[in-house]
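Hi,

Here is the structure I promised to pass on.

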Amino acid sequence: MSGGAGGSGRASAERAVLRLARPYLGRLVGAGLLAAATEFAGLALMATATWLLMSAAGQPPLDRLTVAIVAVRALAIGRGVFRYTERLAGHDAVLRMITDVRARVFATLSTGRSATTQRSGDALSRLVSDVEAVQDLLLRVLVPGAAAALVGVLAVGGAALISLPAAGVLAVGLLLAGVALPLLATRLTRRSADQVAPLRGALAVDAIDLTHGAADLAAFGATGTALAAARGRAERLARLERRLAAAGFAVDAAGVLLAGLTAGAVVLVALRSGVGGVLVGVLAVGTLAAVEIALALVAAARQRTLLGAGLARVADLLTTPEATAPTATAPGAGGPDLGAERTGAADTGGATGLLPPGPGPGPGDAAPALAEGPHHVRLTGVTVRYRADAAPALDRLDLDLPAGRRVAVVGPSGAGKSTLTAVVTGTVVPERGRITVDGVDLAGYPPEQLPRAVGGLLAEAYVFHATVRENLLLGRPGATDDELAAATRAAGLLDWVRDQPHGWDTVVGEEGGQLSGGQRQRLALARAVLAAPGVLVLDEPTEGLDPAAADAVLASVLAATPAGHSVLLISHRLSGLADFDEIVVLDAGRAVQRGRHAELAAAPGWYREQWLRQEAAERGYLALAP
């Protein structure tokens, strides 16, 4: 972004925000005048106290000092009163305005009228830190800046009463302190400051994705990639903040040097113009105080620069037309892809987002211990207990999944089905028993390689705020468009993708917010199919789909599973299990029934009872369906 474009955008954002200050203009002007009175009282106090001390050294009659003594007391008290009143008036006006701003921002975010799809981490950043930027613009930029400019003019006028040439030197020093140094501070900090707010928003989103999507990242072996991307953004933010601190230190040092040089020049010019005695000391101390006040403009300019990105983000929401509908846009068209929107236009450090961006080696490619393809997984006497005094979640369970075998695990809630998937995928270590992959103990493999052997769709799979393509590539970073199409076709999502204006680059929203519940489930299922692990684990893969769609999707996914790959299905639905090699009924962590569908449906027990109930319920559903 060019400097001109950036300055124009910043000014436009400030105008959009300040329009909301019009109802409180009187209060803000009053706060500015009180701030000027505070600074002028401080300046006058320094000058009067200097005159009093230097005059008292000559031991004049007390009546000559009485007025100065009273003035010093009055100015000292008045300065405190002015400061308190100014803070009271300023904060009253600003907090009233901020209430309005925050309400408008929240209304835009909550109704989805924003021009860009928001994530909760980014939305939280806008509601808190970015809205506080509006407060800082008024209280830390405009009010103190206006007060410093007014006091500078009064200081030059006061110096002119003593020495016109000295006043001219003071005016030059104040211009350098109040104009040149602020411009220098802005130039040194603008580029870095424009990147800080987007990076902070990106880190807020990283925290949400890494927390909510931890299970899915681990299941697909992408945790390291996600952590590395987040760590890279955090390090970039730290570098920017260090750079800003160094620039601030340099400008502050220049300000201190300028104050000393200006005071020295004023004294020299005053002496040459015939001013002497006490008034020279008053000019010197007054100059130091005046330049220090003018240096407040440096802090205001630096603060304004730092606030620019946050103000722009708030203004984006404040100026969003209410008729704008929430749409998912492609990365190239302003949508929030993981590489560009997350870190803003300023993020040029090569970060490509939370998810793997495209073709490339996955975790463990350097020296794979587990090749892609069929695997034999066996559980022998596995027991899992979450607390020492609790009943086991799995109790001496045996399960055999040779290459190509399809096993379904069913049972009532709390039977241990989810614990079984956690054990098989290596996220839960059993208390006793053994889990082997191709005859090797599961613990013997590096955790990042396990998703190649065992993985798939976990319960409550997380859909990332990214494009359809990026969500799918989590399963297989090097997949081609044809492979993406095959996986989404198996999950019944391909027609929807083709109907979208941006196709694979359609942004699905945070946690799939732009999708229906069924579409989110199909997207997560397509990702699991694309990953194609040796043992495909499907935990409630048709959750949220109607019975007919659920049966069709399950059959399609099974047909798309590569030859020789095993399937472990966890399901509460018993329909569609007729072709499975084995069905295991769990209850209280134990396998209470085993067999094929026809055998279990004919034998008394939990499976037969549930099968009859579900058949009756689904027949009734189909009868009522249009």
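First, a definition: a salt bridge here is a side-chain nitrogen of Lys or Arg within 4 Å of a carboxyl oxygen of Asp or Glu.

Two notes on the source. This is a predicted model, in which local features need pLDDT of at least 70 and side-chain atom pairs count only at pLDDT 80 or more, while totals for chains, interfaces and linings use all residues. Residues are numbered from 1 along each chain as its sequence is written, and side-chain values use heavy atoms, with hydrogens and water left out.

**The chain as a whole**

There are 18 helices and 10 strands in the chain. These are DSSP runs, numbered from the N terminus (helices: H or I, at least four residues; strands: E, at least two). Of the 626 residues, 50% count as buried. Buried means under 20% relative accessible area, exposed means over 50%, and partly exposed is in between (1.4 Å probe, protein chains only). The chain exposes about 28,100 Å², with carbon and sulfur atoms supplying 60% of that. Accessible areas come from the Shrake-Rupley method with a 1.4 Å probe, and for residues only the protein chains shown count as cover.

If you take contacts between residues at least 6 apart in sequence, 77% of them join residues at least 24 apart. A contact means heavy atoms within 4.5 Å.

Two strands pair if DSSP finds at least two bridges between them.

Strand E1 (residues 377-384) is joined to E2 by 5 bridges, in the antiparallel sense. One detail to look up on screen: Arg378 has Asp400 in E2 as its bridge partner.

**The hairpin**

Strands E9 (residues 582-587) and E10 (residues 590-595) are also antiparallel, over 5 bridges. Leu586 has Ala591 in E10 as its bridge partner. E9 and E10 make a hairpin with 2 residues between them, and Ala588 in the turn has a positive phi of about 55°.

**Salt bridges**

A search of the whole structure gives 17 salt bridges. Is Asp395 buried or exposed? Asp395 counts as buried because its relative accessible area is 14%. Arg396, at 54%, is exposed, and Arg590, at 43%, is partly exposed.

Back to the pair we started with: Arg434 is partly exposed at 44% relative accessible area, and so is Asp441 at 31%. Elsewhere, Glu39, Arg83, Glu86 and Arg87 are linked in a network of salt bridges.

**Helix H2 and the nonpolar patch**

Leu25, Val29, Leu33, Phe40, Leu150 and Leu154 form a nonpolar patch on the surface, with about 530 Å² of accessible area together. Patches are made of residues with over 30% relative accessible area and no salt bridge; like charges are joined within 9 Å, and nonpolar side chains (Val, Leu, Ile, Met, Phe, Trp, Tyr) within 5 Å. Helix H2 (25-56) and helix H4 (120-162) each supply at least two of the patch residues, and H2 has the largest share, with 4. Phe40 lies in H2 and is partly exposed at 37% relative accessibility.

Leu28 also lies in helix H2, but Leu28 is buried, at 13% relative accessibility. Leaving out residues up to four places away in sequence, Leu28 touches Ala21, Ala93, Val94 and Leu138. Leu28 and Ala93 are 65 residues apart in sequence and 6.4 Å apart in space, C-alpha to C-alpha.

Cheers
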